[in-house]
Amino acid sequence: MASEIKKLERRKKARTKLNELASKEEHVLVIHYSCESFYDRPEGQTPRVTSIAVRNYESGQTTSFSIHKIAELEHVPFSEIDQNYDKLESEMLREFYEFMKLHSSHYWVHWNMRDINYGFPALEHRFKILGGEPFILDESKKVDLSRALIALYTNGYAAHPRIVSLMEMNHITAKDLLDGQGEADAFENKEFVKLHQSTLRKVDVFCNFLGRTLDGSLVTRSTWWEMNGGSIKAVGEFISNNWIFTLLVGLVGLAAGIYTFF
């Protein structure tokens with residue numbers, strides 16, 4: 001169980017980072033991508049990336065990258081897309097990394113894009129497999145909104161699946177949005193436009209979450225005590241873990257008692 005002081009430190013760190021984003025909204029990008037299912041892969045290979053969407057938080061301008069858009073530009077017939085996946089995915093990722101390099105000074109807000117299964121490392125690995133050299137974004141520019149919300153509102157701020165629960169609590173429509181399995185199924189069924197629309201919708205939803213978090217209007221199921229009780233407990237934890245402070249408090253109390261006696 002994490003100490004209350006550690007939880008308080010994480011909350012303070014998350015709030016500081018979010019305040020930084022609020023002061024530089026024009027330099028905040030929100031990213032999401034869709035891919036094949038990363039389950040049911042007995043050989044352990046990373047799933048193919050199918051579409052990526054990046055939205056500027058302030059302007060709402062969205063730049064997207066997708067296999068079916070590249071196929072259209074390369075004049076690859078729809079019926080032959082699956083025969084050219086490697087070529088199309090490689091070109092899509094090349095365009096994406098050119099964009100990332102041009103915007104490397106921006107903050108990139110994401111939702112759980114942390115590991116080789118799903119995240120920036122997975123995108124990098126896919127491009128390497130296809131013969132490319134990915135641009136490596138500095139870790140200080142990556143902001144995991146999902147972890148920030150846990151730090152701010154506690155682990156129970158929304159029921160699982162959290163994205164859907166948070167949308168329902170904040171009355172955000174789920175139009176065009178697919179869950180992870182839905183996106184994987186859309187890829188298997190070659191429903192590339194449907195898949196891309198879901199990717200675009202999710203960056204819109206994450207921008208909505210971010211905006212409500214920054215202005216304090218995000219509705220969660222966390223109570224005031226759950227969010228602030230830890231601060232009170234942290235004081236007691238600090239006192240119990242710092243014998244010098246406890247001794248000083250005791251001496252002050254003793255002095256006050258002697259003064260009152262005389």
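**Buried helices and salt bridges**

Glu89 is buried, with a relative accessible area of 0%. Here, buried means under 20% relative accessible area, exposed means over 50%, and partly exposed lies in between (1.4 Å probe, protein chains only). The model is predicted: local features need pLDDT of at least 70, side-chain atom pairs count only at pLDDT 80 or more, and totals for chains, interfaces and linings use all residues. Residues are numbered from 1 along each chain as its sequence is written, and side-chain values use heavy atoms, with hydrogens and water left out.

Glu89 forms a salt bridge with Arg126, and the closest N and O atoms are 2.7 Å apart. The pair links distant parts of the chain: Glu89 lies in helix 3 and Arg126 in helix 4 (residues 120-129), 37 residues apart. Arg126 is buried as well, with a relative accessible area of 7%. A salt bridge is defined as a side-chain nitrogen of Lys or Arg within 4 Å of a carboxyl oxygen of Asp or Glu. Helices (H or I, at least four residues) and strands (E, at least two) are DSSP runs, numbered from the N terminus. Side chains of opposite charge can pair when their charged atoms come close.

By this rule, the count comes to 14 salt bridges. One of them joins Arg94 to Glu91, with the closest N and O atoms 2.4 Å apart. These two residues are three residues apart in helix 3, so about one helical turn separates them. Arg94 counts as partly exposed, at 32% relative accessibility. Another salt bridge pairs Asp176 with Lys175, at 3.2 Å between the closest N and O atoms. Asp176 is partly exposed at 36% relative accessibility. Lys175 is exposed, with a relative accessible area of 54%. Salt bridges that share partners also join Arg48, Asp86, Glu89 and Arg126 into one network.

Helix 7 spans residues 180-188, and its buried residues are Gly182, Glu183, Ala184, Ala186 and Phe187. What covers these buried residues includes strand 1 (28-35), strand 2 (49-56), helix 3 (85-102) and helix 8 (192-215). Cover of this kind is a matter of contact, meaning heavy atoms within 4.5 Å. Gln181 is also found in helix 7. Gln181 counts as partly exposed, at 42% relative accessibility. Gln181 and Tyr39 are 142 residues apart in sequence, and their C-alpha atoms are 9.3 Å apart in space. Lys190 follows helix 7 and has a positive phi, near 60°.

Glu188 lies in helix 7 too. Glu188 counts as exposed at 56% relative accessibility. Together with Asp179, Asp185 and Glu191, Glu188 gathers in a patch of negative charge on the surface. Patches are made of residues with over 30% relative accessible area and no salt bridge; like charges are joined within 9 Å, and nonpolar side chains (Val, Leu, Ile, Met, Phe, Trp, Tyr) within 5 Å.

Helix 5 (residues 145-153) has seven of its nine residues buried, so the helix is largely enclosed by the rest of the structure. The buried residues of helix 5 are Leu145, Ser146, Ala148, Leu149, Ala151, Leu152 and Tyr153. Thr154 follows helix 5, and its phi is positive, near 80°.

Conventions: Areas by Shrake-Rupley, 256 points an atom, 1.4 Å probe, with all protein chains shown as cover. Lys, Arg positive; Asp, Glu negative; His and termini not counted. Charge placed at Lys NZ, Arg CZ, Asp CG, Glu CD.
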